[in-house]
Amino acid sequence: MAQVLRRRELGRALLARQMLLERADATAEEAVTRLVGMQAQAPYAPYFGLWSRLRKFGTADLTDALTKRRLVRVALMRSTVHLVTTADYRSLRPWAQPALDRELDTAFKTILTGLDRAAVAESGRALLGARHLTPKELGAALHEWWPDREPRALATVVRNLVPLVQVPPRAVWGVGGTTRYATAACWTGAEPASAADSEHIVLRYLAAFGPASVADVQTWAGRTRLRPVLERLRPRLAVFRNEHGVELFDLPDAPRPDADARAPVRFLPEYDNLLASHTDRTRVISEEARKRVMTRNGMRATFLVDGQVTGAWKLHPGKASATLEIDPFRPLTAIERAEIEAEGARLLEFAVPGAAHDLRDGTAPSVGSEDRVTGEETGQPSESPASPREAQAWRLGQQATRPVQTR
């Protein structure tokens with residue numbers, strides 16, 4: 001009879017592997033590798049995600065890795081932009097291809113009917129071999145050859161069939177910029193692998209997100225029909241069940257802390273994969289909280305208290321001052337609020353060092369529009385929403401489990 005792992009035990013196991021019980025002594029690249037990539041369509045989200053996970057992390061650590069091409073931002077799991085190492089781009093892109101194909105076959109099915117997608121992809125590859133282009137520029141150039149097709153759809157065909165990197169200064173802290181594409185092969189000097197090593201990738205997923213069910217793996221990947229992969233791996237795995245009797249797989253020696261292990265307050269960025277990589281996410285977020293976190297545009301930035309999503313946050317950076325606005329989903333105890341304020345103060349010092357800092361409860365009057373300053377004006381990050389296409393891809397990725405509920 002398989003051992004039953006209860007919700008808190010599953011939550012603590014997940015937090016331990018995500019470096020959220022204890023910050024890790026690791027480089028940015030080591031952490032991104034350990035996480036099997038970080039969802040990154042919000043360009044500055046990985047900075048905050050790494051800060052919450054690493055003992056020593058500065059914005060220059062990630063900026064340097066991006067500009068020197070050790071880390072890249074490319075469409076992968078669930079057809080969403082992920083920050084990965086150049087080595088993982090090669091192995092993960094063929095693994096993610098079914099999700100990218102699925103987006104074309106669903107969101108763009110009618111628009112692309114009868115289109116020679118391979119010809120569009122090759123034309124896009126040639127265009128991007130000459131110069132870096134924005135999605136709008138790429139679509140407009142392709143529209144000249146396919147005038148009966150929507151430019152946005154043409155650009156998406158190239159994005160989904162040709163591995164493309166979003167090149168700096170996009171996502172460079174304090175600089176930023178519009179999305180511009182280069183082919184990943186040109187940018188990294190390497191083509192993606194010819195085929196995915198599915199078993200190796202699933203083992204890596206379990207190391208970062210386990211214990212997990214077949215449905216959980218499929219949710220993370222944005223793919224279906226992965227049970228045969230888990231069945232081939234079964235002799236090498238530990239098998240458990242959750243409180244509902246669902247079978248869970250895990251690496252035998254992976255950390256599974258006690259349910260009462262201390263889980264400190266942690267701030268997570270929008271779209272953090274912690275909340276996007278399981279079918280049953282109640283190990284870290286209740287259904288009630290999920291309804292407040294998932295919006296039509298994607299996922300809000302959140303904070304954890306005792307291992308559970310307890311509220312959302314937003315940073316309002318200014319030239320001389322910065323405010324961290326929190327939106328608790330339930331009343332906080334004095335001890336909880338003190339810990340949130342302490343961790344929030346550290347986040348503010350990381351994001352806007354040297355400025356006057358303030359933490360404000362979102363239930364209080366909000367910062368006036370005249371006081372709000374964008375990241376572009378200050379050289380610091382603002383929380384720009386994902387593009388409509390990226391938000392659409394996000395929603396498609398969730399349809400493998402259940403419709404996204406909105407507030």
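Reader: Which residues of H5 and H9 meet in this model?

Author: The model is predicted. In H5, the residues in contact are Arg93, Gln97, Leu100, Asp101, Glu103 and Leu104. In H9 they meet Thr156, Val157, Arg159, Asn160 and Leu161. By class, this contact has 4 nonpolar, 3 polar and 4 charged residues.

Reader: Why are H5 and H9 called roughly antiparallel?

Author: Look at the crossing angle. The axes of H5 (residues 86-106) and H9 cross at roughly 160 degrees. The cut-off for roughly antiparallel is over 145 degrees. H5 and H9 are therefore roughly antiparallel to each other. Their axes come within 9 Å.

Reader: Which residues make the contact of H7 with H9, and how do they divide by class?

Author: H7 brings Arg117, Val120, Ala121, Gly124 and Leu128. H9 brings Leu154, Val157, Val158 and Leu161. They divide into 7 nonpolar, 1 polar and 1 charged. Gly counts as polar here.

Reader: What makes H12 largely enclosed?

Author: The count of buried residues. Buried means under 20% relative accessible area. In H12, 7 of the 8 residues are buried, so the helix is largely enclosed by the rest of the structure. The buried ones are Val214, Asp216, Val217, Gln218, Thr219, Trp220 and Ala221.

Reader: What covers the buried residues of H12?

Author: The cover includes H5, H11 (198-209), H13 (227-233) and S8. Just after H12, Gly222 takes a positive phi of about 75 degrees.

Reader: Why is the pair of Trp95 and Trp220 called tilted?

Author: Start with the distance. Ring centres must lie within 6.5 Å to pair. Those of Trp95 and Trp220 are 6.2 Å apart. Now the planes. Under 30 degrees would be stacked, and over 60 edge-to-face. The planes stand at 35 degrees, so the pair is tilted. Trp95 lies in H5 and Trp220 in H12 (residues 214-221), 125 residues apart. Both Trp95 and Trp220 are buried.

Reader: What kind of aromatic pair do Tyr47 and Trp173 form?

Author: A tilted one, with 4.9 Å from centre to centre and 55 degrees between the planes. Tyr47 sits in H3 (residues 45-51), while Trp173 sits in the loop between S5 (164-166) and S6 (181-183). This pair links distant parts of the chain, 126 residues apart. Tyr47 and Trp173 are buried.

Reader: Which residues form one aromatic cluster?

Author: Tyr44, Tyr47, Phe48, Trp51, Phe57, Trp173, Phe267, Phe303, Trp313 and Phe350 do. Over the whole structure, a search finds 16 aromatic pairs.

Reader: How do you know that both faces of S12 are covered?

Author: Check the residues on each side. Thr302 and Leu304 are buried on one side of S12 (residues 302-305). Phe303 and Val305 are buried on the other. In a regular strand, side chains alternate between the two faces of the sheet.

Reader: What makes S12 a partner of S9 and of S13?

Author: Bridges. At least two are needed for two strands to pair. S9 (residues 266-268) and S12 have 3 bridges, in the antiparallel sense. Here Phe267 has Phe303 as its bridge partner. S12 and S13 (residues 308-317) have 4, also antiparallel. Leu304 stands opposite Val309 in S13. The hairpin of S12 and S13 has 2 residues between the strands, and Asp306 there takes a positive phi near 50 degrees.

Reader: Why is Ala184 called buried?

Author: Its relative accessible area is 0%. The limit for buried is under 20%. Ala184 therefore qualifies. This residue belongs to H10 (residues 184-188). Among the residues that Ala184 touches are Tyr89, Pro163, Leu164 and Val165. Ala184 and Val72 are 112 residues apart in sequence, yet 8.4 Å apart in space, C-alpha to C-alpha.

Notes. Residues are numbered from 1 along each chain as its sequence is written. This is a predicted model: local features need pLDDT of at least 70, side-chain atom pairs count only at pLDDT 80 or more; totals for chains, interfaces and linings use all residues. Side-chain values use heavy atoms; hydrogens and water are left out. Contact means heavy atoms within 4.5 Å. Axes are lines fitted to C-alpha atoms, for helices over the stretch in contact, and angles run from 0 to 180 degrees between N-to-C directions. Angles under 35 degrees count as roughly parallel, over 145 as roughly antiparallel, 65 to 115 as roughly perpendicular and the rest as oblique. Buried means under 20% relative accessible area, exposed over 50%, partly exposed in between (1.4 Å probe, protein chains only). Rings of Phe, Tyr and Trp (its six-membered ring) pair if their centres lie within 6.5 Å; planes under 30 degrees apart count as stacked, over 60 as edge-to-face and the rest as tilted. Lists of a residue's contacts leave out its neighbours within four places in sequence.
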